[in-house]
Amino acid sequence: MAASPPPTSTGSQKLDGVVQKGAAALKPDAPQGLALYSRFALAGAICCSVTHGGLTPVDVVKTRIQLDPVTYNKGMIGGFRQVIAREGAGALLTGFGPTAAGYFLQGAFKFGGYELFKQQCINYLGYETASNNRTAVYLASSALAEFFADIALCPLEATRIRLVSEPTFANGLIGGFGKIARQEGVAAFYSGFGPILFKQVPYTMAKFVVYEKVAEAVYKRVDKSQTSDGMQTVINLGSGLMAGFAAALVSQPADTMLSKINKTKGLPGEGTTSRLIKIGRELGFRGSYTGIGARLFMVGTLTAGQFAIYGDIKKVLGATGGVEIAK
């Protein structure tokens, strides 16, 4: 059998009888290269910033439950009532600034990086091999994308957690960011980098793999080319919801540890690793899943919203040139 030609960005081509999807459907004037991936990044930035920012009140309650389960022991709805009774309704928006800004950056790297690394895997492996091993491609691409996304996210996430855990610490993003930098140094922003990787990398791997698999299962029964834009949005919502539940369960222990380690600075001479070990021992398995109800609701909702918004914005921007390897 003759070797299959490498995938190209234009023209329809068959690889051992399999039609390459995605790139084959490009219009002649469709964006490619940097123009294409910058659109993916912008769509990802918007979808993550909007969803995470909009769910800031849920995140505030979830973080309070994780950090002070003795006080906040009445579940998510009860937690809302407790926060409002103690601090007023405005407290539910604590950390909105760093949340929206941090996840704007993180979303750009995560979604744009995922599309980029997925294409690089296809280029390296060849279309057929990548398609036959697509789960591994999804896992590798999402893990690499999340690593770089977390470098951008970590300082803003540390600021957000400090603002939520200590409401009087500072007045907003700029004040909190500057105070941590002055009092504790730049290294303090990355004290939670290990936990955030431990949390976000498995989270993102589960998120993209489950989304891709659920969407693939749906489109085996529904002809995507005949599906309306509205129905595609519904499918993205449903697939994203399942992906969010899976991602929340996988990453919950690390999320709890991240909240704990960013609540206060470490003792003199205490390293991040020793702090993580101590926190893990104190929490135990059950303690590491504190606040899981609120987080399932939050992550399921925001992930469903992310994939729906991401898909719609890509269409608006004309960013439809990514190669699909689903069968």
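Predicted model: local features only at pLDDT ≥ 70, side-chain atom pairs only at ≥ 80, totals over all residues.
Biologist: With which residue does Arg134 form a salt bridge?

Modeller: The partner of Arg134 is Glu216, with the closest N and O atoms 2.8 Å apart. Arg134 lies in helix α6 and Glu216 in helix α8, 82 residues apart. Arg134 and Glu216 are buried.

Biologist: And Arg162, what is its partner?

Modeller: Arg162 forms a salt bridge with Glu184, again with closest N and O atoms 2.8 Å apart. Arg162 is in helix α6, while Glu184 is in helix α7 (residues 172-184). Arg162 counts as buried because its relative accessibility is 8%, under the 20% limit. Glu184 counts as partly exposed, at 23%. Some bridges share partners: Asp59, Lys62, Glu157 and Arg160 are joined into one network.

Biologist: How many salt bridges are found in the whole structure?

Modeller: The search finds 13.

Biologist: Now cysteines. How many disulfides are there?

Modeller: First, the idea. A disulfide is a covalent bond between the sulfur atoms of two cysteines. The search of this structure finds 0. Cys47 is in no disulfide. For Cys48, the closest cysteine sulfur is in Cys47, 4.1 Å away, so the gap is too far for a bond. Cys47 is buried, at 0% relative accessible area. Cys48 is buried too, also at 0%.

Biologist: Which residues make the nonpolar surface patch?

Modeller: The patch covers about 750 Å². Leu42, Phe104, Leu105, Phe109, Leu144, Phe147, Phe148, Ile151 and Tyr190 make it. Helices α4 (96-125) and α6 (134-165) each give two or more residues. The largest share, 4 residues, comes from α6. Phe104 is in helix α4. Phe104 is partly exposed, with a relative accessible area of 37%.

Biologist: How many cavities of 30 Å³ or more does the structure hold?

Modeller: The structure holds 1. Of the 14 lining residues, His52, Tyr103, Lys199, Arg295 and Met298 are the closest to the centre.

Biologist: Which helix gives the largest share of that lining?

Modeller: Helix α11 does, with 4 residues. At least two residues each come from α2 (56-67), α6, α8 (193-219) and α11 (292-317).

Notes
Residues numbered from 1 in each chain as written. Heavy atoms only, no water. Disulfide = S-S within 2.5 Å. Buried < 20%, exposed > 50% of the residue type's maximum accessible area, 1.4 Å probe, protein only. Patch = residues over 30% accessible without salt bridge, like charges linked within 9 Å, V, L, I, M, F, W, Y side chains within 5 Å. Areas by Shrake-Rupley, 256 points an atom, 1.4 Å probe, with all protein chains shown as cover. Salt bridge = Lys/Arg side-chain N within 4 Å of Asp/Glu carboxyl O. 1 Å grid on protein atoms, 1.4 Å probe; cavity = no way out; pocket = protein on both sides within 12 Å on 5 of 7 lines; lining within 4 Å. Points joined across faces, edges and corners; volume = space filled by probe spheres on them.
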